[in-house]
Amino acid sequence: VMNPLASFSFNDGIVLIATFFQSFVVIYFVHWIFHKSDLSFDAVVKFFTAGFVIATPTAFLIEGILVNIMLGFVYVLYSGFELFGGEDFDQWVSNNNRTLWIISELINAFLFSALTEELCKYYTFRCIEHPDLIFLTGLDREAQAVSAKDGGGEKYAYSSHNVSDFNRQSPAHGRVSEHRGGSKSFEDGDSPQEGVIHRVDTTEEFFEDDTDVRTHRERAAAVTTAMISVAVGYACAENFIYVFIFGDSSAEGQGDDLERDDSHLIEEWIILFVRSIFPVHALAAAMQSINVIRKFIENPEKNGHNIGVGRIVLPALILHGSFDAILMVVNVYVETAWEDYLRRHGGSIPDDDEVLEWDEPYDPLAVNLAAWVGIIIVMLCGIILYVRENRLQRNRLVVLEQWTRANMELPHVGTDGSLPTAETSEIPRTIPTPSFTRDVSVL
């Protein structure tokens with residue numbers, strides 16, 4: 001960094017720190033301020049790292065492959081039409097160059113860029129298994145116990161997902177004590193029953209098997225926070241690539257002067273600023289989380305089979321694709337405007353500033369204003385849609401929590417009016433997951 005001959009200068013280091021800092025600020029507000037108790041910091045770090053390390057290179061690789069396939073297909077298609085159409089076809093392509101370019105950029109924005117990135121972020125989130133989100137993996141024994149029924153609506157005590165709970169209970173006719181040497185003895189003169197496995201019930205051994213006490217809304221918040229963490233990690237890596245690779249940040253100069261030009265440093269800050277104030281990746285991840293929560297938390301037995309990847313990704317795809325499409329269409333307009341300008345002036349730019357003032361290729365103020373207004377409208381529409389869906393979902397989760405509390409198997413009061421204790425009754429360890437077989441309107 002301190003080497004004056006290096007292409008990566010001290011100012012680049014400041015920009016690099018700012019690139020990560022803006023991502024950490026988003027994580028700070030989303031997790032630390034609002035959802036610190038819903039998802040552990042360990043999970044946030046892992047999901048952020050997965051988005052940075054896994055989702056970004058995967059998306060860039062797939063996008064590169066798809067773009068090259070599209071270019072090869074277009075080349076073959078163009079060669080075939082040119083073979084049969086001749087000069088007339090070439091003239092038609094030249095006259096409609098801007099329209100064809102815009103169509104290709106729209107395809108690139110929605111199908112190649114947005115779809116690939118949203119799918120990579122979603123599957124990166126799904127491939128990370130964390131204890132805080134165990135209910136997403138199918139390994140939640142608490143939920144499995146509810147679906148394990150045997151005649152009369154009672155769960156089968158010897159199911160594989162109930163073995164630990166069964167072994168955790170004390171023996172019916174004795175108690176096992178464990179000595180320091182590792183040997184076990186039976187107290188009260190009782191011997192173990194044949195075929196019954198006895199285990200020592202210690203807090204340390206079964207600490208990780210404690211029931212998840214989070215409410216449905218807290219689980220939903222954990223899902224949203226985790227998906228946003230993946231998206232912010234992806235956006236951080238993407239900002240780094242756009243600022244230092246695609247932003248032409250290499251050193252320039254003549255002779256011994258290899259220091260970066262100030263214009264390139266300003267360009268880096270502009271790129272980082274524009275990409276930071278419009279957190280499209282984080283908003284798209286939040287929109288994805290709506291249907292993920294609906295699939296896995298609201299009613300897995302009913303909604304789980306009706307909500308697929310397409311339904312989860314579609315809202316984010318429309319938002320992300322529209323965002324990219326505006327930028328790409330504006331870029332097409334600028335490029336074609338310069339081509340027309342150079343064609344009018346014989347391939348060169350006039351040296352006279354007065355001529356350039358009244359004969360500019362395009363109006364920079366109007367173009368930039370149109371781009372900013374379009375992006376702001378897209379972001380506002382996405383925010384309004386997410387806030388609306390999130391509010392409706394929270395209301396449904398509140399009803400679900402009320403339904404769950406109303407259907408808990410609570411202990412009954414004894415005949416003498418006393419409440420049951422741990423020695424006189426067995427309090428349910430888990431809260432059953434509702435299947436909505438009853439009418440929730442009674443609440």
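Is Leu283 buried or exposed? Leu283 counts as buried, because its relative accessibility is 10% (buried is under 20% relative accessible area, exposed over 50%, partly exposed in between, with a 1.4 Å probe and protein chains only).

## Model and confidence

This is a predicted model, where local features need pLDDT of at least 70, side-chain atom pairs count only at pLDDT 80 or more, and totals for chains, interfaces and linings use all residues. Residues are numbered from 1 along each chain as its sequence is written, and side-chain values use heavy atoms, leaving out hydrogens and water.

The average pLDDT (the predictor's confidence in each residue, from 0 to 100) is 75, with 65% of the residues scoring at least 70. Over residues 149–192 it's below 50, and that stretch has 52 contacts in the model beyond near neighbours in sequence (contact means heavy atoms within 4.5 Å).

## Around Leu283

Leu283 sits in helix H9, residues 280–298 (helices are DSSP runs of H or I, at least four residues, numbered from the N terminus). Leaving aside residues up to four places away in sequence, Leu283 touches Leu319, Met379, Gly382, Ile383 and Tyr386. Tyr386 is 103 residues apart from Leu283 along the chain, yet their C-alpha atoms are separated by 8.2 Å.

Val292 touches Tyr122, Phe125, Val223, Met227, Ile297 and Ile312, not counting residues up to four places away in sequence.

Conventions: Helices (H or I, at least four residues) and strands (E, at least two) are DSSP runs, numbered from the N terminus.
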